[in-house]
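Let's take a walk through this model together, starting at a pocket and then moving to the packing inside.

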Amino acid sequence: MKERRIVITGLGAITPLGNDVPTTWEALLKGKSGAAAITEFDATQCKTHFACEVKNFDCSSLIDHKTAHRMDRYAQLAVCSADEALRDAAINIDASNASRIGVIWGGGMGGLISFEEGWRAFVEGDGVPNFSPFYIPKALISMGAGHISLFFGLKGPSFAVTSACASSSHAIIEALDTIRLGRADMMVTGGSDADVTFSGIGGFNALRALSTRNDSPETASRPFSASRDGFVLAEGGVALVLEEYEHAKARGAKIYAELVGAGMTSDAYHMTAPDPNGTEAEHVMRLAMEDAGISSLQVDYINTHGTSTQLGDLAEVNAILRVFGEDAYRINLDSTKSMTGHMLGASGAMEALACALAVHHGIVPPTINHDENDLDEHIDYRLNFTFGKAQKRDIRYALSNSFGFGGHNACLAFAKI
């Protein structure tokens, strides 16, 4: 069977940098940080007082008040980002095509806000179980995909994927394979998370995973710098419309980039720490390039996982050096998490969006918050981390890395078209 080609024809984003794709992309290119003091709850009891929150999010123009009340924030982010992506793809959904369009959505934590609200009401109340009938549906990770299908009448394959920080990259891979296998012509995919909550911040603080740079939130996410002290927790939703190439061409669709390959591996090493050797991080990049049918000489840009943690950044850099050798020094690397923070289950989709737009426009977003004197002796700074300023470049192929707690690794390969 001839393998079907898959292209990206729609993008949607609700992020700490903006509530649509153009605003988010402009902020990325300008090197803006989305980090600030937490506003959604009083974080003064936590070790970390800041995060990358979505600002001024209002779903009322799309979702009526009654329905919104029955949805967790992460599901609202899912529906609103999917709405922008579908409008961007300019597809009319009706009885003739609804069963050929599906949804595969990623999420790391699901309805953490609703989980907290339900248990807080129980603990602070009279101790009698009196949960809302919507408590379970609001908390389920699967409802991101479920609500998108419901809102837009999409009757193709629909389910959720969860693999911590790699969730939405794995969702994109499943959507890619679904179209490749002929089970759909188009898929809405991506991910959302809304975990900037008391337990979200407190839990990651307990793991010593978050930066505690409370005096300067906007400079706290500093991947590949010696003084990095953890990631910045973020929220958001990002959607991509994947479409079979001939289907897209026949309807005259705008195409951002082609999704040409993917790889998946597991560290099988530790619950939360990456394998310091980066063996499977190396392997997953090789698998993605093999699936794409490309060599290391053809890759021009890598959007790294780059969370700003001591172990993770170093393991990824060393894996890249082993995969690409001397050729690594001509590749643009960046970490868009230096600006967006770590969007957990939505991070892979956010970085896929950045890759698609970078390939489409010929420009690589920067890695911010690096000082030339803030050097880690274990990192090879001959590599081009795109520090400080976006760089124009004709990008033939780009890779996007995602590595999640539990050792879940994913890599996506994009091509200019």
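Which element gives the most to the lining of the largest pocket? That is α11, with 6 residues. Before going on, note that this is a predicted model, in which local features need pLDDT of at least 70 and side-chain atom pairs count only at pLDDT 80 or more, while totals for chains, interfaces and linings use all residues. Residues are numbered from 1 along each chain as its sequence is written, and side-chain values use heavy atoms, with hydrogens and water left out.

The largest pocket has a volume of about 570 Å³. Among the 30 residues lining this pocket, Thr272, Pro274, Thr309, Gly312 and Phe405 are the closest to its centre. Two or more lining residues come from each of α11 (310-324) and β13 (397-404). Sorted by class, the lining holds 11 nonpolar, 13 polar and 6 charged residues.

Now turn to the packing. A nonpolar core here is a set of buried Ala, Val, Leu, Ile, Met, Phe, Trp, Tyr and Cys residues joined through side-chain atoms within 4.5 Å, where buried means under 20% relative accessible area (1.4 Å probe, protein chains only). The largest such core has 55 residues, and Leu240, Leu242 and Phe414 have the most contacts inside it. Elements giving two or more residues to this core include β1 (6-14), β7 (236-244) and α13 (347-361). The largest share, 10 residues, comes from α13.

Leu242 is worth a look: beyond four places away in sequence, its contacts include Ile6, Ile8, Ile172, Met187 and Leu259, with contact meaning heavy atoms within 4.5 Å. A second, separate core of 31 residues includes Tyr74, Leu86, Ile91 and Val188.

Terms used:
Buried < 20%, exposed > 50% of the residue type's maximum accessible area, 1.4 Å probe, protein only. Helix = DSSP H or I, 4+ residues; strand = E, 2+ residues; numbered from the N terminus. 1 Å grid on protein atoms, 1.4 Å probe; cavity = no way out; pocket = protein on both sides within 12 Å on 5 of 7 lines; lining within 4 Å. Points joined across faces, edges and corners; volume = space filled by probe spheres on them. Nonpolar A, V, L, I, M, F, W, Y, C, P; charged D, E, K, R; others polar.
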